[in-house]
Amino acid sequence: MRIPCPCCGSRDRREFTYYGASVFLDRPAEDAGLEAWDAYLHLRDNPAGVTRDLWYHDPCQSWIEVERDTVTHAILSTAPVARRRA
Amino acid sequence: MRYSGFRVFTQGLGGNKGWTPAWRRPDPKPDYDIVIIGGGGHGLSTAYYLARNHGLRNIAVLEKGYLGGGNVGRNTTIVRANYFLPGNSEFYSHSLKLWEGLERELNYNVMHSQRGLINLFHSDGQRDAFARRGNAMLAQGDDAVLLDRDGVRRMVPYLDFEQTRFPIYGGLYHPRGGTARHDAVAWGYARGADRLGVDLIQNCEVTGIDIQNGRVTGVQTTRGAIRARKVAMVVAGRSGQVAAMAGMRLPVESHILQAFVTEGLKPVIDHVISFGMGHFYISQSDKGGLVFGGDLDFYASYAARGNLPMVEHVMEAGMTLMPMIGRARLLRSWGGIMDMSPDGSPIIDTTHVDGLYVNTGWNYGGFKAVPASGWCLAHLMATGTPHPVAARFRLDRFRTGRGLMDEEGTGAQHNLH
Amino acid sequence: MVDLIADKPFQGLPLSIGRASVEGMDPGPVTAIQPFPGATLPMPFPQAGQVLAQGGGRLVWAGRETAFLMGEAAPDLAGLAGVTDQTDGWAWARLSGPDMAAVLARLCPLDLRALPVGTSARTMLTHLPAIVIRTAPETLEIGVFRSMAGTLEHELSAAMRAVAARASLR
Amino acid sequence: MTQTHRIPGKGLLIDRARPVRFTFDGVEVQGFHGDTLASALLANGQRMIARSFKYHRPRGVMTAGSEDPSALVEVLEGSQQTPNVRATTQEIHEGLTARSQNRIGSLRHDLLAVNDWLAPFFSAGFYYKTFMWPRAFWERLYEPAIRRAAGLGSLSGHHDVAVYEKAWAHCDLLVIGAGPAGLMAALTAARAGAEVILADEDVRMGGRLLSDQPAVGGLSGPDWAARTVAELAAMPNVRLMTRTTVTGAYDDGTFGALERVGLHVPAPGDLPRECFWRIVARRAILAAGALERPIAHPDNDRPGVMLASGLVSHVAKWGVNPGRVVIFSNNDSGLATARHLTAQGIEIAAYVDPRAIPVTEDFPVYAQATVTGTRGRHGLRDVAVTHAGGTSMIPARTLALAGGWNPTLHLTCHMNGRPVWEESLAAFVPKPGMVPGLSVAGAARGRFSTAACLADGVEVAGEVLRDLSLRPKKTPVPEAEDAPYAIAPLWAVDAGGRAWLDFANDVTTKDVRLAAQEGYASVEHMKRYTTQGMAPDQGKSSNVAALAVLAEATGQGIPATGTTTYRPPFVPVSIGALGAGGRAEGFAPQRLLTSDAKSRAMGAPMIEAGLWYRPSYFPRAGENDWRTACDREVAQVREAVGTCDVSTLGKIDVQGRDAARFLDFVYTNTMSTLKPGRVRYGLMLREDGFVMDDGTCARLAEDHFLVTTTTAAAGLVMRHMDFVHQAFCADWDVRLISVTEAWAQFALAGPKSRAVLASLGIRADLPFMGCTHIDLGGVRARLFRISFSGEEGYEIAVPTRYGASLFEALLSAVHAEGGCAYGMEALNVLRIEKGFITHAEIHGRVTADDVGLGRMVSAKKDCIGKAAAHRPGLTEPGREQLVGLMPVNQGETLSAGAHLYNERDLATRENNQGYVTSVAPSPTLGCWLGLGFVKDGRSRMGQVIRLDDGLRGHKVLVEICDPVFFDPEGGRMRG
């Protein structure tokens, strides 16, 4: 598997660390309640198909949101997570 | 037909013409008391124990492909009861006891081999953690022995005791741990359930779950609608999709775990050995292949196949621990799809829909759990109350934080368990 | 009063095997520069993979929003960028020779075609986090965490020996 | 042996001027340079090479490639012993020793041949039906007996210390297979300027052109191949890889390939045995040809029974004389083989074909006939041919089976793709797009004539070049034979007796039918029940026939029956090659402290921690165990001063106007109120509310912090902080960078630490938890006043290059004050005496409150993990809390990992009250001390509880106490 790092270009999967679904980017408010935090921390759509998840390119230290297919392993797009706040 | 050595002998004399099918191939009936979605190890054992322990007969197991086509046939065949947290501890202990009588229970030789399992440790800190585990195993009534370096060397002298990267300090030995022939477990339960009247329906994919007024009423399948009073989702690898049919999101992410087997070799590894630093575990099958595995590929996936980084990592770990296997050749690798839960422990529970049950989140632990998982889900479905040894396998434990069973201590990141 | 003496990260270099050589190198002071959002630096900042001349030294792209100023004293960029001395964080070696690419191919998943002369990349050398700078078609500067210098020596020499041994097959 | 079975003048690959001696089962054999073990043994008349897996039947050579199901041998001796080597691919060399395997006794007189007589009772899956009684007999009797009988070759049990290698290659186009299609594809692409890798399993490129030797472009097959290879070799954009088998197709154009580098070299030295390549290709063309399949007929497994293609290769490449040959074929390629061999002067005793074909050939033709049996105990003697006129026994030395061809499409299935059934070829062919970026050309997609393969190579390469945005140059297709391929499917001849499908695993047509009869009727069930296709050849010669027999038995038809899934690797790959570099120290980087050499010189045993090596203790003369040294080191620290290298702690530099705000977000406590020049202890949670790590945070300047992490969690915390920054506050003025490696840092602890500082010329007027820049003989350094020992303590950080020098200086200075260097053991004692936690306590399942640090979670702000930490299950009574444990009887030892029970309770899970995480013998307090977790522990101070370590047979009564055993007011460290 190869992932296009927005910084470094196409790199072998072994340079990356996986984190989980990109819902991690949508952090609830401190007082959002048990249900919201449960959904954020634990519950997953876990699609057999296109998903978005988070990867870290260890060499350049970029966190990346990757759009990909969990059935075919096709990578559809990648973007730095920092762009959401920049 | 009952199996025995005598029957093998007489059938052999008669050209093996008289063997009858191990299970029937029934068409689905329109109505069952209980429908189990998923004809893997857990689904088949659930059906078996519903019939065997609770006298229920009007049961169907619906399998989208062939019986035992999922993880029960894609694992490294290890059977053990060496968990240390309450919940897991009693459950896997119960499961191991069921394993110990399984051949005679099912009249099917699943080749359960209690050859002993050694978990190696490589530092004082790891020894302390394994000591805690071993004491938990003893407190549960199971067996555990703490070996020092020489004790390990006496049992498995071929390890590389000279390597200094992660030197072997000792091991936690679990004599009753071992292996079993994985396919045979599915087939044995299938045959056993079939003999008790359960309908095993292959090539029958569930496409919808019928719910009326908060109560399950049946399922839609590729072979027509089937009514049922109770439905259980026992579909590791597809749990998210099936649960979605009932409007549920599960605390589960699906991941690939690869496993490997070498060409056949004369006996050389007599135990199950686990190398914690390298996430490598190995045993030798009765046919002679070295069967081994490592970590997840670590990304969410439904493709039952892996990639090279983990393949290489596992082989490098093997060469670190036991370089005598360098000239064994990897024959085949395959991947199973794991339901990874946020604490690495399973879920056997009711759901928000009356009559709908869920069995998921087995992480790495599914194969050894097959007997007890079926036993406990059958108990829950038949009696309405959780079986005592699975009482902690609650779906809501993540929301409340009560009774988490995080054996790895890595927290709510699905792939780290 | 204490009189501190500097030591070198590599013990076994230089090393020359077959058609590849590796030597330890001193790139001079190395300063990590990480501009703050929206800051305008009094110097150009390299894009990913770029190596720019900067004064008497080089400004080498070294990761996300990070450049290493090498061979030139640290500038005062107060309020504009995070500035950190990395001179001692890394051990630098220079790998060169006609078999440079063959040796690198034993260690590193990087496609050298994506690393033309005058560019840098962050990558892995076996299990070592690394920064590589291609300074000539057959020359590569390799930086690894200083504590791992011994492992780099070990990995490089093993790869160089295996590559050189293939000469016997020709 | 004397090479009695060699055809004069023949043998493309052998050099008759270079004889090579080797041994087989202890007997010296002579072959020629270029021979394989198989060809050399056949040339010496040795047909029997192996015993089969289950029935221990005599077996010989069937093919000339890696797919051979039968000819597996053990080679070399001692730690070099290698089992299950294909005699068909192992090139001979001086000093090579080979042995037959899977036998008890000699190859000819194998005691386990009795299994063959017991075959009726060893039907498919028989073992599932018996060996169940009595229970204890499985591990003691049945299983050991089965294991001894099963398996093939043996590992030596010695460490494999040979050289293996892994490498990467990158290209525009990978062409897999250098037969006519692959050569033309590579040529077309290379001429267009693509960077091409052409990989081929064999020693010489050319594929079937070398064996069948058809005329190509006016040259002989081998000559045309040689000329084409020469042209490719001269091009700078082409890399030719022989002896290289592409083993697997993985995601995004990554392929695994195994190169046999030094297996044919007598003394390889530094030369790797094998190299495992990861080839990354923008596009790939599979041109791996096709594999011939046998026909199942009674006793079709004797030595001397070969595949027709294997026979032709042995004749052409190695000049093996097969003697009288019977060919049994159901297709035109078998007939062509008969003609070809006749033209080579080989005697065809009979050509047998079930089809109604004309009988006008230069050899006896039996049309509408089948082979129904063979004779010859250790090698083929006669072939029974049943035809319209009855059954004839035809004496023959070789029986060549030609059951048709299966395209070598395995790689196309490695991503779970399923091939499609092509009726006209009676074979599966790949569907386009089964592996993204992988095209298939030539026989691998069912183009079986030489002309079709050549043309297909050009055509497919042209398509690929367009994808690569390259313009194909005109590459004319050379002239070659274009014979049609007609086949009448014939999978099995039913004539009583056992007919082998899977020669490697001894699976016969009866086994497959029995599986169907017993309900194991899906192809996957059949495979798993009979073990067909699970042997070293992965069913290459048997899969299609087996499923055809299954389809017949179930009445389902072949397309509906489908195939099993082909999994990587295409050929088995040694663990040594895939795990190259992993042996000994290579598994993970070694991180060495600047004090490493000195510590080792002082005799310190080193222990691994987060890839670092740290000294365990520093033994002095007469100190024979860790305990003596440790007690002394602790005492010296408490009474005088000690120094310890703490550089392994992670250090992260945090800068920017928003640095404090950022740290408030990642730490539970507040860092923004810290004053410059001061240090604060900090706690980080995971987002799920449990403790992630702890450490110190020093404010070096208003906008500049330095945080430390534990050794083990350094990488994790850096990644976590990067995530928090990039995901939630990328727009803040904050920058993070690891400086772990940039600084060597040493702790100085003890009442005389200030005196040591003074002797180094450092003014120690720093308050407790203060930090400052200092000048150390012209070197810019940092001084922190922090303590992990409970003593007055400092940490001095210098640029790493000065670490070794500073350690020496510190050693001299502490020795002068009656102090010492201390290691991890003493460090552990000191911190336990003070109740400081490490990852033994913060093991991932504890909250801040559990470890007594609940007050460190600020109520005034949000932070990572705060919300989830408020879940009811994390805050309710009944949780296990950190406590100290002291033995009631002072002299007794404690053990970590022990469990805790109320004094009179049995040691059962239900009664468990907690467990012990860390213990240490405290010379300061004169007894063992423990840290552990006890249910509601903080409310149970003073209670006596039983420490129960059943694992080590150890029980001690302990008192629950405050975890801070020593100087609880902290007067010593505040000075």
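This is a predicted model: local features need pLDDT of at least 70, side-chain atom pairs count only at pLDDT 80 or more; totals for chains, interfaces and linings use all residues.
Local features here need pLDDT of at least 70 and side-chain atom pairs count only at pLDDT 80 or more, while totals for chains, interfaces and linings use all residues. Residues are numbered from 1 along each chain as its sequence is written, chains are lettered from A in the order in which they are written, and side-chain values use heavy atoms, without hydrogens and water.

User: How many residues of chain B are in contact with chain D?

Analyst: Contact means heavy atoms within 4.5 Å. On the side of chain D, 121 residues take part. On the side of chain B, the number is 124.

User: What area do chain B and chain D bury between them?

Analyst: Buried area is the accessible area (1.4 Å probe) that two parts lose on being put together, summed over both. Carbon and sulfur atoms hold 54% of it. The total is about 10,100 Å².

User: Which residues of chain B lose the most area to chain D?

Analyst: Three residues together account for 10% of what the side of chain B buries. They are B:R165, B:K266 and B:R327.

User: Which residue forms a salt bridge with B:E312?

Analyst: A salt bridge is a side-chain nitrogen of Lys or Arg within 4 Å of a carboxyl oxygen of Asp or Glu. Between chain B and chain D the count is 11. In the bridge to B:E312, the closest N and O atoms are 3.2 Å apart, and the partner is D:K166.
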